[in-house]
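User: I have a model open and want to go through it with you. Can you take me through the helices, the surface patches and the charge pairs?

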Amino acid sequence: MTSVTARDYAWIRSSRMFGDAMASGYGLALVRGIAPAGVLRLMEAEPKGTSKGLDALVEEHLEHRDGTDYWDDSFIAGAFTVPGADGDWTLVLDFDGGAGTSRFLPALSLSGRAVSHSTNGGKPMDLFGWYENGELRTGFEGPATRYGSTPDELVPVMREIGFYLTENEGGTGPGTDTKAAVLALTEHLTGVRFTEELLKGAEYHFGHVPETPAAE
């Protein structure tokens, strides 16, 4: 029986911070057992120093975007250490819709676990991914259509958290806040409680992640 449910994350709908992140696009990943500098290194990021507070990350992101064009898919990532299940985790946050970070998740999970969720902003596409030892175990946009090597392993937990799934796994029911449920599922898999205070008070390591190589 899981102790966290979607109700624990109902606050996101009255949060200006989270509302802004949803509107502009964000990516958040939790990586077990690798320090922030190591995570950014695996993401091939150029170190850009450290600073405390979410506002500093937003400023770095905006300054970077002011100097790039629409087609540039490089981005600024901020990473910091947070305690969770089975030791320390690194939380990685970006405001580029999460597409850039997602390509590194197999590598980031090679020696453990990585869990991510994102929204691309605009007409939203919301993605969730749970990786173990380099392998995507469960991923989804809508919770009824899951993929990965073990797409149904989390179904019992998802029901307890508050995802409404029909008997044939046919979708979410009225009133279910799927994004709040995704945050609760992330906490279940990592032991990390996501809060505004956590993001606002963190000491971020910044990294400039380059564009995807053309060959990819």
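Analyst: A definition comes before anything else: buried means under 20% relative accessible area, exposed means over 50%, and partly exposed is in between, with a 1.4 Å probe and protein chains only. This is a predicted model, where local features need pLDDT of at least 70, side-chain atom pairs count only at pLDDT 80 or more, and totals for chains, interfaces and linings use all residues. Residues are numbered from 1 along each chain as its sequence is written, and side-chain values use heavy atoms, with hydrogens and water left out.

User: Fine. Which residues of helix 7 are buried?

Analyst: Lys179, Ala180, Ala181, Val182, Leu183, Ala184, Leu185, Thr186, Glu187, Leu189 and Thr190 are buried. Because eleven of its 13 residues are buried, helix 7 is largely enclosed by the rest of the structure. Helices here are DSSP runs of H or I with at least four residues, strands are runs of E with at least two, and both are numbered from the N terminus.

User: What span should helix 7 have, at 1.5 Å a residue?

Analyst: The expected span is 1.5 Å times one less than the number of residues. For the 13 residues of helix 7 (residues 178-190) that gives 18 Å, and the end C-alpha atoms are 18 Å apart, which agrees.

User: Glu187 is on your buried list. What does Glu187 form a salt bridge with?

Analyst: Its partner is Arg193, with the closest N and O atoms 2.5 Å apart. A salt bridge here is a side-chain nitrogen of Lys or Arg within 4 Å of a carboxyl oxygen of Asp or Glu. Glu187 is buried at 13% relative accessibility, while Arg193 is partly exposed at 39%.

User: How many salt bridges does that rule give?

Analyst: The count comes to ten. One of them joins Arg113 and Glu132, whose closest N and O atoms are 2.2 Å apart. Arg113 lies in strand 5 and Glu132 in strand 6, so this pair ties together parts that are 19 residues apart in sequence.

User: Are Arg113 and Glu132 buried or exposed?

Analyst: Both Arg113 and Glu132 are buried.

User: Next, what does Asp86 pair with?

Analyst: Asp86 forms a salt bridge with Arg32, and the closest N and O atoms are 3.8 Å apart. Asp86 is in the loop between strand 3 and strand 4, and Arg32 is in strand 1 (residues 26-32), so the pair ties together parts 54 residues apart in sequence. Asp86 is exposed, with a relative accessible area of 70%, whereas Arg32 is partly exposed at 22%.

User: And what is phi for Asp86?

Analyst: Phi is near 65°, a positive value in a residue other than glycine. Most residues other than glycine have a negative phi. Asn133 also has a positive phi, near 50°. Asn133 lies in the loop between strand 6 and strand 7 (135-140), and at 51% relative accessibility Asn133 counts as exposed.

User: Switching to the surface. Which residues gather in the patch of negative charge?

Analyst: Asp55, Glu59, Glu63 and Asp66. Patches take residues with over 30% relative accessible area and no salt bridge; like charges are joined within 9 Å, and nonpolar side chains (Val, Leu, Ile, Met, Phe, Trp, Tyr) within 5 Å. Lys and Arg count as positive and Asp and Glu as negative, with His and the chain ends not counted. The place of a charge is NZ of Lys, CZ of Arg, CG of Asp or CD of Glu.

User: Where is Asp66?

Analyst: Asp66 is in helix 3 (residues 54-66), and at 68% relative accessibility Asp66 is exposed. Ala56 lies in helix 3 too, but Ala56 is buried, with a relative accessible area of 14%.

User: Which residues form the nonpolar patch?

Analyst: Met125, Leu127 and Tyr147, with about 250 Å² of accessible area together. Accessible areas come from the Shrake-Rupley method with a 1.4 Å probe, and for residues only the protein chains shown count as cover. Met125 sits in the loop between strand 5 (113-119) and strand 6 (126-132) and is partly exposed at 36%.
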